[in-house]
Each structure stands twice: as C-alpha cells, then as structure tokens.
Amino acid sequence: MRYSREVGVAETKIRFEESQPLMSESVASTSRDDIFLLPLASTQSSSTINHFAGFFDTIMFRCCWNFLRRRRTLHSRTIRVGHGPVLGSAHSFPPNTVCNQKYNMFTFVPLVLFQQFKFFLNLYFLLMACSQFIPAIQIGAPITYWGPLGFVLTVTLIREAMDDFVRFLRDRELNSEKYEKLTAQGIDYISSSNIKVGDLIIIQKDKRVPADVVLLRTTEKSGASFIRTDQLDGETDWKLRIAVPVTQNLASDQDIFDLNLEIYAEKPQKDIHDFVGTFKVSSEDSTQDGSLNVENVLWANTVLASGRVVGVVVYTGRETRSVMNTTLPESKVGLLDIEVNNLTKILFLFVVVLASVMVAMKGLDKNWYRYLMRFILLFSYIIPISLRVNLDMAKLFYSWQIGRDRHIKDTVVRSSTIPEELGRISFLLSDKTGTLTMNEMRFKKIHLGTVAFSSDAFEDVSRHVLSAYSGKLGRHSFSSKLQTAVEAIALCHNVTPTEENGQISYQAASPDEVALVRWTEQVGVRLAQRDLTSMQLQLSNGQTKSFQILHLFPFTSETKRMGIIVKDETSDEISLLMKGADTVMAGMVQYNDWLEEECSNMAREGLRTLVVAKKVLSMEQLADFEKHYHQAKMTVVDRSEHMAAVLRRLETDLQLICLTGVEDRLQDQVTTSLELLRNAGIKIWMLTGDKLETAICIAKSSGLFSKTDNVHVFGQVQTRIDAHNELNALRRKNDVALVLSGSALNVCLQYYEAEVAELVCGCTAVVCCRCSPEQKAQLVNLLRKYRSPLRVAAIGDGGNDVSMIQAAHAGIGIDAHEGKQASLAADFSIPQFAHICRLLLVHGRYCYKRSCALSQFVMHRGLIISIMQAIFSCVFYFASVSLYQGVLMVAYSTVYTMLPVFSLVVDRDVTALNALTYPELYKELGKGRSLSYKTFCIWILISIYQGSAIMYGALLVFDSDFIHIVSISFTALIVTELIMVALTIHTWHWAMLLAQALSLSLYAGSLLVLDNFFDRQFVTTWIFLSKTTAITAISCFPLYIIKALRRRFSPPSYAKVN
C-alpha cells in the first residue's frame, strides 16, 4: 500500500505520534537523545533560509555559508522509507557537501596574515615597514622594508592558495560524484552533494559511500556485504554489514515503496563502533519491529567491497560519523623554532639598547624620540626577516631528502615543520604489537589442562581429531576432548572465508582470529563456508558438519571476550562458545587448578593467550535468553548496557575447554635497533595492552631489558597508601627496569603525579602493561609536563596509538598490517621499526645541526652589517643615515649571500655510517649546545669584531671619495661572509661550490654594472683589490687561527670519529 505525500492536519498529528520511539513507551521520558524529530526552525524561517542557501550554489559559497551560520543542534530522526523524514523536510538537515577547505574568499587573506603575524619576526618587520609612511622617521626607500616583507607574505599567500585550491578541486570531485537514487518512478542520477536524508540510494561495488546509510538490500543472497573502512578507522580488514531482513527478503527494489516502513535513528554521535536505531513495518492487521545496530549501517567514506546495495540515508554532511570524527590536529612547533624566536627577542632588545646608546651619545633634545626610531630602523637588520623563510625552505628540503633516502624506503614526512625534533629525542614511547612485533600471528600451543601440544606435535592433534570424528571412540576419551576444543576454536570467531581471483582468504577484524582458524584447518577442521545464519566445517575425512548461527556477540575492548551460540544440525545440540582474555574468563569458568598457572607459563614464553570455554544450553534456556535479549535490543537508551546485562546471566558456570597460545614474532632488527637507541641516550618505554608476563618476555627478547638490568615489578595498587609504599620501594632502587600495570599507574597519577614522573623517568627502561589508549597519551603528556624541554617521541601502528602519537613532540607511525590510521595521523611514517634508527641518528642529527648553522649565519649576516652601520654613525657625528642604499641592503641578504648560506643544508659533520656506528654522538644533541645562549653570544662577539674590522679598515684606507668607502667595505663584507661559510663547512658538496662561485660572480658583475653605487674605474684597480684583501684578511684570519687551534687541542667528538 502506497502513501500519498500530501499531509493534512490530521495526518500531521498521526505522524507526530509515530515519530516517538518505535518500541516501549517507557523510554520517552528517559531518552539520552531527542526522541521527537522536532523542526529546527519555523516553517517560514526554514523556507527563507533554504531559499537563501539555494542562492549560494557554488562550493566556495557553501563553505562560507557553513562558516558564518549558527551551529545547528543535533537531533534524532524518524524516516518513512520512500517518503523522507516524518517531521520537517530534508532541508532541515545539513547538505551533503564535502568541504575540506581551510579558507573561503572572505577569510583567506585575514587568516593567512594572522597566522604569519603571530610570529615576532614578521610582526616586528610589519611595524618597521609601516613606520616608513611617517616622513619624520623615514630612512631610505620604503622598498628596503616592504620588499622583503612583501616577498615573504606573497610566497606564503601563494603557497596557501595553491594548497587550498587543491583541496577545493578534490572537494568538487567528491561532491560531483554521481549516484543512483531509487524513486517510485525508477532510477535518477544525482550528485553526491544533492543527496538528502531519507533518499534511497544505490551503491555499486568499489564505490565510496557518500553518506551514512542504513543497509536495506544487497545483491548477496545471504543479505551480507563487506566494506573497507581503512579511510575511516585505518583498519585494513573488511567489515561485515547486514541488510535489514524485512527489506532484504523482498522480490525487487521497487517493492520497498509498498512497505509502510519507518526507521528511527539516534541523534548523530562520534562513535563509529556504535549505532542505536529501530525499524517498524506497519500493515492493516499487524506490526513488525526490530532493532538496528552498527552492523546495519554503512558509514560515509567507507568503500563497498562486495555486491550492490540499496540504503536509506540517515545522516548527511557534517552529521556523518566521518566528519564528526575529523579533528584538526594541534599544530606542532619545534623546540628550535621556540629557541630562535627567543633569540630574536633578545636581538630586539639589543637593537633598542644600541639605538638608545646612540641617542644618548648624540645628546638628548626635544626630538630624541625621532632619532631613537630612526636608529631602531637603521639597526633593524639585526633581526633578519629572511630567517623564517630560510628555515621553512630548509625544512622542506629535509623532508624531501628523508623521503628519497633509499636506506629507509617508503618513509613519508607528513609534517614538514618539525624535522629538527628528530635530532633531540630523549624519550621514545613505543607500542608493542605491530611495532616491535610483526602482528603476524602464529598458533604455537594448545593446553587442555593435563596435556599441552606445541607446534612440533600438531600432527598428533590431527590424528586425535580424525579418530574422534570417525565415531569409534568414547565420548569422554581424550581424543573427543581434543576434538571438542578444535571444533570450538573453529566455530567461535567472526571470520568469513572469501574468494578473490581463485584464492581463498579469511577476512576478520583481528589477525589472532585468522591464526586460530588457519590452525584448525592445519589439524583437519577447515572453515568451508559461512554466512549470517550458518557455518560449515570441512573435515579431513571428507565429511561436512553444518551449524546454525543463532547469536553472535562480537569482541570489544571493554568486554575483552567474544561469544557465539550455535546449533549442531546433526545432533541438535545448542552450545554457547566463549573465548577471551584470562582476566575476564577466569571468573566465568568452572573451578580449576591449572588455568592461572598455565597462562603465566605461556606468557613467559611470549605467547598471547586466549581461554576457550563452552556451555550446553537447553531449549528453555535459549528461549528465555532470546526473550530478554530481544527486549534489551529494542531499547534506545543504554542499549549496550542492557544487552550486556542479559548476556552476563548466561556467561556463568562455563566448561573450560582449552587455553591457546599465539606467537607474535619480533620485527627484523628490533634487538639491534633498541640497542642503538639506548646507546644514543634515548630512554625507551614500551606501552602495551598485553598481560604483564607477556610484556616482560617481549621486553627481554627484544633487548629492551638488557641482561644486566634489575627488573622491578611495580605491585598491584588499590589505594593511596599502596601507591605511597610502592613508590617508596622504587625510590630505594637505582638503575632498574620498571614494569607496571595501567591500573597501578592510574592510582599513582591520581595522588602522586610529580613523584611518578621523577621516579619513572629515572629508570633505565619502562614497560607499562594493560595500558589503554588514553593512558598512553597520558604518559606522553606527563613527560612533556615534567621533563620539559626534553623531547618525547611516540611510535605505533594502530588506531589505539593515534592519541599517543598526536600528543608527542614527534609522532612516528608504522604503515603496517593493522591499518593506516596511525601512519596517517603521525608526523613521520615508516614501514618498519628498524628504520627509526636512521631516521633519528642520521636525519635527525643532520636536520638539527644544519638548521642551527643556518640560523646562526642568518643572524650573523644581520648583526655584522648593523655593527658597521653603528660605527659609521658614530664616526659621522651620530648621523641617522643609512650606510648603504636600499638596493644594496636588499641584495646583500638575497642575491649576494643567500645561496652560500642556504647551502649549509647539505653540510654533514659526520657520515651516515659513523652516525650509526657511534650512536653516542647523538647524546650531545639533546644538550642543545649547537644553538645555545653561549654560541649566540660567541656569534655576537664575532660579528662585533668583524664589523669593526671591516668598517674601521675601510675608514683607515679612505681616500677622497665617499663612494670608495662603500665599495671597499661592502666588498669586504660580502667576501667575509662567503669565507665564514667556507670555514664552517665540514664536508664540501658540489652545491656549496656552485653557490660560492655563483654569488661571487654575481657580485663581481654588480661592481661593474651598478654605476650608481660603485666607481667602476676604482673597483678595477689593484689599489681596490689590495685594500679589500687586507681588510678581509684582518676580519677572517684570526678566527681561522682560533678554529684551527681548537680543532687541534680540543677537537669535538664528531671530529674524532671522522
């Protein structure tokens, strides 16, 4: 029966009543969500907004509209399939447009300028440039100040505009993607951006899901489809999704419009692993209802991996799970940038002091403030605006160099702003599974209480299982017990066999489950087929056993277990099969005296353990459970808690079947990598969710704990007194490797946060077991708070490591089997753990040392010319007149010296081989001596000496013409700068030679071409060359002597290894 879209007053009232929860009436007053689908605004205002919004039809204006309008309240919704939302209209919900742009046409310039002028350097030069509009304090041409500033801002604006335009093109491509919309008249083709809540859309295989949809139908006969979620949660395994049964069983897609089907969906949430919804099918004589959960929903930006599906849209645009979980990560600022910013502030004080001294020496009069401003402007080159440009360009070069290093292929730099952080890491916090280990599980051991079988005895298991299935043995024989264990392992999972290109593969959410199923296949019980309601096992003797799946309880990180209720179609036996962590399963199984001991034994072997248990159910027990479980599923408030409570009543008095042990092998070169990092002075912490014994075993086998380390296991802590006693016990020990649990850490941090930071940081190595993702990030923040300014790095490979990676100063993600979420969220992505040594010890060292040298030379370049200006002003009666004209000042910091100074980014103080062979060299970088207040003062003294030598030398050899002073002093200045770069270089590179030659040639050409600034006849004489050479020698030769003596009698450590 089809329903008309014309709604009268009476029908409106009926629809309002039907928009209440489709299940029990008692829920309405206690809903955690808006049960009624209330209009967001009055009809008139809504209409006005919709007409106004329609005017902004381009993507750019839509982004602006979204930016400016009021934030919308999130509501639940009830949708009549085929007719749209029950209350309001589809326009009451956000448009389904993708907008990843950072700016729009109104906010672009203001936001970019705001980001730039947050930096002290740029703000300072903006004020200096603006001051040139005041005639009383104007010095030279305004281009001298506006030119460099305008260049920096123009480059930034162009870069940001290009990046945002690329995002705009990508958004437009997604928004214009065509989809099939199912209507009562047939199929229409619409753009992704025009999809609205309530639309029925058809999604083909390998197509992106454009919005959050409830799965109604699929071409798969079983009613199940698979999706790929790697772009949503980073996991590479396919996820199973199930169509609503009432629509899946229809003969055709068009029959959907004949149903009076309503779907209730909760208000939009961020949790991608949970969904609360219901459906109700009403007819003249009956009503059918059911619950909807996350298995019935396809989230936006996932990809359909199998079949063709029809779904009804429930969330669009920014209300989709994908957009709600999209957060802009905190912009990280490197320690070097902070140090450089602090040094520029000191230089600013130096400028003010120097200008004040000049005014005081000139004598105070009524215009003293004018002279003060003019001197500040004259000396403003002490604070070089090109410093940030040079550093940003250098960071881009470092990122490019890291990405093309053939020794660490497939390494990706996702944050080009902090490569220098890699050179000063003091703490490395690492995940275990998939990071130190390979996350490739191998079944190694099964224990049945009295007998255990290891990998070398699996053939015996096969023989026992074959004998049991032959039916010749008694029910309580050992072979039958082993058969029960193998069969339970083969049934209790969420694995689905799939066929691609003639190859059978297993799809599961966890590699542990695949390892268990592969082992049962090895011993003669193969998972042959599985759908939503049945499972078939192929035995080694050719027989097939069929089971009916009655209920499935998936594994969650909260429950730490999974279960399944199956019915053996041969014997009609109904069984509840459970498997999970020993910590939760121990309280559910019948009394035994071996489980705890054997779990500890397997953990000491480095195996991941799972307890398998079984309970045979009667028909009465099953019927009672299904009744209460269905009631729990129909609730829309705290549904998960109600379902868990019903299930817990069934999870008692289970028969302990067996204990399994799965091995996760160490990654290649992990042991040598950890030893290198430890010798480099980096303290390594391993944070894992595994049990204590397994964590200790992996720590020892990987080399995280050395053979001489005294391992201290932090006791179980429940109260403040316990925490106090355990911390005191730890305080009495020195140089120990610490092992503590997440629960103990929580209690200690609650009462003794500072003491924990002090004591734990003093340990040689730390292992934190049973650690949650939140605790991993908590430990990173603890180190950042109490061990500042030491740098903290975090490395992981899974979605549970993302918060830790984003909280660290340098986040490193491993692009591995568990997915890409950690890799995409990290600042640096590597394919395996062993690459971290070269990343830190080689590239980290180069980036930090080069940036330090580059920063010092850019500051030296500004200081030396400002010292010369100060001497010139003193000599000529404190005149606030520029020594060099604006063109020369701009050319000095760009054309003449930029290339040689920037060529320092290819310098190497040690070879990559020596950096890895002598990791102790890395320790010195953490002290920050390459760019410290001490080195800064040394460079100030060097600048004062060289500026004085050049200026006084030029004045002493002064002839009759002022232009000769300019020629001699400026030439000596340029050559001195080039020589100083050459003296600083450790290893010559062809780019350095080219930069030196090119800069010298350009300047030589300028001497002959720029008649307004240089006397061409004078600069071609031997007198000019001799005077310039003498002045340059005086400014550079003493520094060369000092450097040579220092390298001879007190060489730095890197010079010794070379």
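This is a predicted model: local features need pLDDT of at least 70, side-chain atom pairs count only at pLDDT 80 or more; totals for chains, interfaces and linings use all residues.
Two strands count as paired here if DSSP finds at least two bridges between them.

**Strand β9 and its neighbours**

- Strand β1, covering residues 77-80, runs antiparallel to β9, and 4 bridges join the two.
- On another pairing, β9 meets strand β10 (residues 277-282), again in the antiparallel sense, over 5 bridges.
- Within that pairing, Glu 262 sits opposite Lys 280 in β10.
- β9 itself spans residues 261-265 and is mostly covered, with 5 of its 5 residues buried.
- Which way do the β9 side chains point? Leu 261, Ile 263 and Ala 265 go one way, while Glu 262 and Tyr 264 go the other, and all are buried.

**The open sheet**

- Here 6 strands line up in the order β4-β3-β5-β14-β6-β12, with antiparallel pairing, to form an open sheet.
- The edges belong to β4 (186-191) and β12 (297-298); each has a single partner strand, so one side of each is left without a neighbour in the sheet.
- At the β12 end, strand β6 (residues 212-218) runs antiparallel to β12, and 2 bridges join them.
- Val 213 is the residue that stands opposite Leu 298 in β12.

- Helix α10 takes in residues 368-378, and its buried residues are Leu 372, Arg 374, Phe 375, Ile 376, Leu 377 and Leu 378.
- What do those buried residues pack against? The partners are α5 (120-131), α6 (143-175), α9 (335-362) and α27.
- Gly 363 lies in the loop between α9 and α10.
- Gly 363 comes out at 29% relative accessibility, so it counts as partly exposed, since that class runs between the 20% and 50% cut-offs.

**Nonpolar cores**

- The largest nonpolar core has 103 residues, and the ones touching the most other members are Phe 379, Leu 677, Ile 682, Leu 704, Phe 833 and Ile 836.
- α27 gives the most to this core, with 15 residues.
- Apart from this core lies another of 43 residues, among them Leu 491, Ile 549, Leu 577 and Val 662.
- Leaving aside neighbours within four places in sequence, Phe 833 has a list of contacts including Leu 428, Leu 436, Val 670, Leu 674, Leu 677, Ile 795 and Ile 814.
- Phe 833 is also in contact with Ser 430, Thr 435, Gln 667 and Ser 673.

**The second largest pocket**

- This pocket has a volume of about 1500 Å³.
- Its lining is made up of 40 residues, and those nearest its centre are Thr 935, His 986, Lys 1043, Arg 1046 and Tyr 1054.
- The elements giving two or more residues to that lining are α27 (835-875), α31 (921-925), α32 (933-956), α33 (962-984), α36 (1022-1049) and α37 (1053-1057).
- Which element supplies the largest share of the lining? That's α27, with 8 residues.
- By type, the lining residues of the second largest pocket divide into 20 nonpolar, 8 polar and 12 charged.

Key:
Residues are numbered from 1 along each chain as its sequence is written. Side-chain values use heavy atoms; hydrogens and water are left out. Buried means under 20% relative accessible area, exposed over 50%, partly exposed in between (1.4 Å probe, protein chains only). On a 1 Å grid over the protein atoms alone, a cavity is a set of points where a 1.4 Å probe fits but cannot get out, and a pocket is an open set with protein on both sides within 12 Å along at least five of seven lines; lining residues have an atom within 4 Å of a point. Grid points are joined across faces, edges and corners, and a volume is the space filled by probe spheres set on the points. Ala, Val, Leu, Ile, Met, Phe, Trp, Tyr, Cys and Pro count as nonpolar, Asp, Glu, Lys and Arg as charged, and the others, Gly among them, as polar. Contact means heavy atoms within 4.5 Å. A nonpolar core is a set of buried Ala, Val, Leu, Ile, Met, Phe, Trp, Tyr and Cys residues joined through side-chain atoms within 4.5 Å.
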